[in-house]
Amino acid sequence: MKITFDKEKIYCGNLLLVNEQYPLRSMCNGNLMTVDPHFPDILLQREAAGALQLILSDIMAGNAIVPVSGYRSIEEQIAIYQNSLRDHGEEFTNQFVALPGHSEHQTGLAIDLGLNQKKIDFIRPNFPYEGICGDFRKLAPDFGFVERYPREKEAITGIAHEPWHFRYVGYPHSRIMEERHLTLEEYVNLIKSYRDTNRLLYLPKKNIAMEVYYIPALTEKMTISLPEKSDYQISGNNVDGLIVTIRRNINEPI
């Protein structure tokens with residue numbers, strides 16, 4: 001089957017690269033939902049919120065882990081940025097707070113989590129690598145989440161190490177990124193080397209293959225061919241093209 005997309009599709013999807021270099025270009029976050037009924041104002045896109053709830057349920061987190069910050073409007077990001085400049089100064093703010101328009105929180109795909117404590121720092125909540133937080137971190141890639149700003153990758157991400165900030169990219173991308181120790185910047189760049197005739201192959205379990213490849217946005221409309229009745233996802237990278245993910249049974253003909 002053939003599917004046609006407008007070029008604007010590159011600015012929507014789970015794999016959007018949003019950073020200092022690539023601002024959010026489109027507000028494709030209309031499907032927001034509350035991540036926890038105890039925190040009704042903290043929202044994520046529905047797919048990401050569902051995945052987050054599954055992780056917390058699987059590790060039996062109870063109220064040990066709390067959401068601190070999810071989706072932010074441009075107005076909220078401006079206020080947070082300006083307040084941080086006022087309270088902490090420019091150096092701190094440049095390390096931990098993204099410029100308005102360049103924040104992953106504006107996508108509805110990013111969540112800051114904290115260990116449930118009497119006092120929680122909104123900008124830098126405590127989310128250690130051991131205990132229940134460590135359990136969350138280990139399981140997160142199986143449900144589409146990655147720790148977005150790891151240690152020793154600051155020069156690539158442009159953001160200081162943030163062990164509390166998790167980004168939904170979807171599966172199998174999260175698992176590939178985790179296994180190869182890649183940031184989203186590195187992963188988006190890696191996928192550009194895989195095209196329709198040379199796909200990245202990931203085998204999550206017996207008889208299942210997942211194929212990932214890149215389509216550059218060279219024209220205002222793009223047409224791609226997919227197997228009939230295929231299980232697929234298509235995301236823009238917010239840079240210059242689409243990332244296609246196909247899940248298939250390896251015993252079935254392509």
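**Stop one: charged partners**

Select Arg-167 and Glu-104: these two form a salt bridge, and their closest N and O atoms are 2.7 Å apart. Here, a salt bridge is a side-chain nitrogen of Lys or Arg within 4 Å of a carboxyl oxygen of Asp or Glu. The pair links distant parts of the chain, 63 residues apart: Arg-167 is in strand S7 (residues 162-168), while Glu-104 is in the loop between helix H3 (90-96) and strand S5 (110-115). Helices (H or I, at least four residues) and strands (E, at least two) are DSSP runs, numbered from the N terminus.

Before you click on, know that this is a predicted model, where local features need pLDDT of at least 70 and side-chain atom pairs count only at pLDDT 80 or more, while totals for chains, interfaces and linings use all residues. Residues are numbered from 1 along each chain as its sequence is written, and side-chain values use heavy atoms, with hydrogens and water left out.

Now, are Arg-167 and Glu-104 buried or exposed? Arg-167 has 0% relative accessibility, so it counts as buried. Glu-104 counts as buried too, at 2%. The cut-offs are under 20% relative accessible area for buried, over 50% for exposed and in between for partly exposed (1.4 Å probe, protein chains only).

Next, select Arg-175 and Asp-142, another salt bridge, with the closest N and O atoms 2.7 Å apart. Arg-175 lies in helix H6 (residues 173-180) and Asp-142 in the loop between helix H4 (131-139) and strand S6 (145-149), so this pair ties together parts that are 33 residues apart in sequence. Arg-175 is buried at 15% relative accessibility, whereas Asp-142 is partly exposed at 39%.

Then try Glu-211 and Arg-248, whose side chains meet in a salt bridge (2.7 Å, N to O). Glu-211 belongs to strand S9 (residues 208-216) and Arg-248 to strand S12 (residues 241-249), 37 residues apart. Glu-211 is buried, with 7% relative accessibility.

Back to the opening pair: select Glu-104, Arg-148, Arg-167 and Glu-185 together, and you have one network joined by salt bridges that share partners. How many salt bridges are there by this rule? The count comes to 13.

**Stop two: aromatic rings**

A search of the whole structure turns up 7 aromatic pairs. Rings of Phe, Tyr and Trp (its six-membered ring) pair if their centres lie within 6.5 Å; planes under 30 degrees apart count as stacked, over 60 as edge-to-face and the rest as tilted.

Pick Phe-127 and Phe-136, an edge-to-face pair with 5.8 Å centre to centre and 90 degrees between the planes. Phe-127 is buried at 3% relative accessibility, and Phe-136 is buried at 0%.

Phe-136 lies in helix H4 and Phe-166 in strand S7, so the pair ties together parts 30 residues apart in sequence. Phe-166 is buried, with a relative accessible area of 1%.

Now select Phe-92, Phe-96 and Trp-164, which form one aromatic cluster.

**Last stop: charges over rings**

Stay with Phe-96 and show Arg-124: the charged end of Arg-124 sits over the ring of Phe-96, 5.2 Å from its centre. For this, NZ of Lys or CZ of Arg must be within 6 Å of the ring centre and within 35 degrees of the ring normal. Finish at Tyr-129, where the charged end of Arg-137 sits over the ring, 3.8 Å from its centre.
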